[in-house]
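Let's take a walk through this fold together, starting with the chain as a whole and then moving on to its sheet and helices.

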Amino acid sequence: MPSKQSEAVRRHWETAWLTMTQPGYEGPDNESWGDLTAEPRGVDYLETEAGGRPAMWAVPKGGRNDRVLMCMHGGGFMGGSLYTHRKMFGHLAKAAGVRALVVSYHLLPEGVYPVPAEDVTNAYRWLLDQGISADRIAFAGDSVGGWLAVTVQLRAAEQGLPLPAAALLMSPCVDMEMTGESYETNRDSDPFFKPEAVRQILANFLADGADPRDPLVNPLYADLGGLGPLYLQAGGDETLVDDARLLDEHARKAGVEVRLDVFPGMLHTFQMAAGRVPEADDAVRAMADWVRPRLGL
């Protein structure tokens, strides 16, 4: 049974739905998403620039500086920021004992496909140029940040860049055709990500005529062979849970090492409640334990 504390995640998405669908309803602003997360103690933050875009280091005290989690925030390409996600990625960095670099990208309307992927690829190239070797970097991303964590690897490979050691994907939104059955089976259990809402989000992102079957648009059509290990997490009550399942199946067929954990009763990006919700803390701890040996720790 979901914890009582996890109801905060459900209330967040219920409020987000009312804000989007009820004219005149004054919900909280975009930055309030970060209010779900408790402040991780013992983590310092330093704003910087990576590949020409704002970025932020999350540096846990006593952590290793020679390993990096490169983190990409979610938000449907229209929300989320370094500031909404700094604490969640700070929890992950602290648990793993390494630095995290939280990167940003252009949001809509400027950030139509492929702009966000290009921004994050430039940030990855910048990180490599700082002298951090690829085998000491792991990607991490939630929702469309999970899409970036896969797509940027495909772009990096095309450009001849070395690929990161591993990737951590939380509630990844990767199926640009929305073929998953969970859009219907979980329609009533997911308070925000109704099929019509996700369809509009993706239409806005692909507004310049991008083909949802292009391998660089939809990882389910890409050759994922050569990617490092993937760890996928999703909530059992979210409509996007089949995105994770489909990616898991597709990656396994390509010979990629994959772990998929579905957390019963949880919703989209429930890890944002780290420090306040036991299921979120369990998920962050599991990601940290999984990624450390992939980074040689």
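What percentage of the 297 residues of the chain count as buried? The share is 58%, where buried means under 20% relative accessible area with a 1.4 Å probe, protein chains only. Please keep in mind that this is a predicted model: local features need pLDDT of at least 70, side-chain atom pairs count only at pLDDT 80 or more, and totals for chains, interfaces and linings use all residues. Residues are numbered from 1 along each chain as its sequence is written, and side-chain values use heavy atoms, leaving out hydrogens and water.

The chain's secondary structure comes to 8 helices and 8 strands; these are DSSP runs numbered from the N terminus, with at least four residues (H or I) for helices and at least two (E) for strands.

Now to the sheet. The 8 strands form an open, mixed sheet in the order β1-β2-β4-β3-β5-β6-β7-β8, two strands being paired if DSSP finds at least two bridges between them. Its edges are β1 (43–50) and β8 (258–263), each of which pairs on one side only. Further in, β5 (residues 137–142) and β6 (residues 166–170) run parallel and are joined by 5 bridges; here F139 stands opposite A167 in β6.

Two helices lie across these strands. Helix α3 (residues 115–129) lies across β1, β2, β3, β4 and β5, at about 175 degrees to β3. Helix α4 (residues 144–158) lies across β3, β5, β6 and β7, at about 145 degrees to β5. Contact here means heavy atoms within 4.5 Å, and angles run from 0 to 180 degrees between N-to-C directions of axes fitted to C-alpha atoms, for helices over the stretch in contact.

Note on methods. Buried < 20%, exposed > 50% of the residue type's maximum accessible area, 1.4 Å probe, protein only.
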